[in-house]
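Here is a guided walk through one protein model. Keep the sequence and the 3D view side by side as you read.

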Amino acid sequence: MKHFACILGLYLKQKITTIIVIAVSFSISLVIFYLYALPLEPVAYAALLAGIFLLLIGIIEFVAFYSKHMVLEKLKDSIAVSDLMLPNPQGLIERDYQGLIRAIHENRREIINEKDKALADMTDYYTIWAHQIKIPIAAMQLLLQSKHADINGELSDQLFKVEQYVEMALQYLRTESLSGDLMLKRYSLDDMVKQAVRKYSKSFIHKKIKLDYNGLNHEVLTDEKWTVFVIEQILSNALKYTDKGEISIYMDSDSPDTLVIEDTGIGIESEDLPRIFEKGFTGYNGRLDKKSTGIGLYLCKRILSKLSHTISIESQVGKGTKVKIGFGTVDIAAD
C-alpha cells in the first residue's frame with residue numbers, strides 16, 4: 001500500500017501543471033458565472049459532470065502510468081539476459097528516449113560479447129601454454145634424476161617449484177568454470193591426503209620436517225581433484241614457512257567433519273589474519289620472506305566455497321599455524 005501511495009504521489013507530481021491549469025480554468029468559469037448571476041443549480045451540475053469526466057480520465061491515465069512503471073521494474077531484473085521489451089511509447093519524445101536506450105543496450109551487449117571472446121581466447125591460450133610447458137619440465141626432471149651431483153638436487157627443487165606455479169596458474173584459469181568441472185561423491189579423506197603428501201615427500205625429506213599423520217578413517221562428500229589441490233596448497237604453505245619441527249594432519253576432535261593441517265612454522269601476524277584469503281594479499285611474513293604470491297589461499301577459499309566447504313585459519317607468530325577445512329555438507333548421495 002505504501003508503494004502504491006508513493007507511485008500515486010509521483011503521478012500527481014508529474015501532472016501538477018495539468019492540475020493547476022484545470023483548477024485555474026475552473027476558477028475563471030466560477031467567477032464568470034458569478035458575475036453574470038447565473039443560477040447555482042446548472043453551474044453545480046455542470047461542474048459535477050466535468051469533475052467526474054476529469055476523474056475518469058485521470059484514473060485511466062494513472063492505470064496506464066502504473067502499468068508502465070511495473071513493466072520497467074520487471075525489465076530491470078532481466079535487462080542483462082534478454083532483449084529490451086519496453087512498453088509502447090506515448091509521444092515522439094518518449095519514442096526518442098526508447099530508441100536511445102535500445103542503442104545503448106545494443107552497444108553494451110557488443111562490448112560484453114567482445115570482452116567475453118577476448119577472455120575466452122586468453123584463457124584458451126594460457127591453458128594450452130600451461131599444458132605445453134609441462135613437457136620440458138618433465139624432460140628436465142628426467143635429466144636431473146640421471147645425475148647425482150648435489151647441485152642437481154637444488155635444481156630439481158627449483159624445477160618442482162616452477163611446476164607448482166604452472167599448476168597454480170592452470171587451476172586459477174579453471175576456477176572460472178569450476179561449477180561445470182565438479183564430480184561430487186564420497187571419497188576417502190586418507191586417499192586424498194596421501195596423494196598430497198606423496199607429492200611433497202621430497203620437500204619433507206629435504207627440509208627434515210617430521211610428518212605426524214596416523215590415518216583419518218573418514219569419508220567426505222566432495223570433489224577429489226579440487227580437494228586434493230586445496231590440501232596440496234595448504235601443505236605447500238606449511239612447508240614453505242616451517243624450517244624445523246613438524247606438520248600434523250588430523251581430524252578436529254570438536255568437529256568430526258573438519259580436517260586440520262597444523263605446522264610449527266613462523267606463524268601469521270594477528271592483523272593479517274582477517275585478510276589472508278584476499279586475492280594478492282601476502283601479509284607481513286610473506287613480504288618479508290618474498291615467498292608468497294597471495295594467490296594460493298585465495299584459490300583455496302574460492303574452491304571450497306564452490307564445494308560448500310569452509311576454511312579457517314588460526315595462527316600465532318613464532319608458534320605455528322592451524323588450518324581447518326570443514327567438509328560438513330548436506331549429503332545428497334543416494335542411499
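Lysine 207 is partly exposed, with 24% relative accessibility. This is a value from a predicted model. What does lysine 207 pair with? Its partner is aspartate 243, and the two form a salt bridge. Their closest N and O atoms are 3.6 Å apart. Lysine 207 sits in helix H7, which covers residues 201–207. Aspartate 243 sits in the loop between helix H8 (224–240) and strand E4 (246–251). The pair therefore ties together parts that are 36 residues apart in sequence. Aspartate 243 is exposed, at 55% relative accessible area.

That bridge belongs to a wider set. Side chains of opposite charge can pair when their charged atoms come close. How many salt bridges does a search of the whole structure find? The search finds nine.

Turn next to the strands. Lysine 324 and glutamate 314 form a salt bridge, with 3.3 Å between the closest N and O atoms. Lysine 324 lies in strand E7 (residues 320–326), and glutamate 314 lies in strand E6 (residues 310–316). The pair thus ties together parts that are ten residues apart in sequence. Is lysine 324 buried or exposed? Lysine 324 counts as buried, because its relative accessibility is 18% and the cut-off for buried is under 20%. Glutamate 314 is partly exposed, at 40%. Asp252, Glu314 and Lys324 are linked in a network of salt bridges.

Another bridge joins glutamate 278 and arginine 275. Their side chains meet at 3.0 Å, N to O. Glutamate 278 is partly exposed, with a relative accessible area of 35%. Arginine 275 is also partly exposed, at 39%.

Now consider the cysteines. A disulfide is a covalent bond between the sulfur atoms of two cysteines. How many disulfides does a search of the whole structure find? The search finds zero. Cysteine 6 is partly exposed, with a relative accessible area of 45%. Cysteine 300 is buried, at 0%.

Finally, look at helix H2. This helix runs over residues 16–35 and has 20 residues. From its first C-alpha to its last, helix H2 reaches 29 Å. That is close to the 28 Å expected at 1.5 Å a residue. What happens just after H2? There, alanine 37 takes a positive phi of about 55 degrees.

Note on methods. Residues are numbered from 1 along each chain as its sequence is written. This is a predicted model: local features need pLDDT of at least 70, side-chain atom pairs count only at pLDDT 80 or more; totals for chains, interfaces and linings use all residues. Side-chain values use heavy atoms; hydrogens and water are left out. A disulfide is a pair of cysteine sulfur atoms within 2.5 Å. Buried means under 20% relative accessible area, exposed over 50%, partly exposed in between (1.4 Å probe, protein chains only). Helices (H or I, at least four residues) and strands (E, at least two) are DSSP runs, numbered from the N terminus. The expected span of a helix is 1.5 Å times one less than its number of residues. A salt bridge is a side-chain nitrogen of Lys or Arg within 4 Å of a carboxyl oxygen of Asp or Glu.
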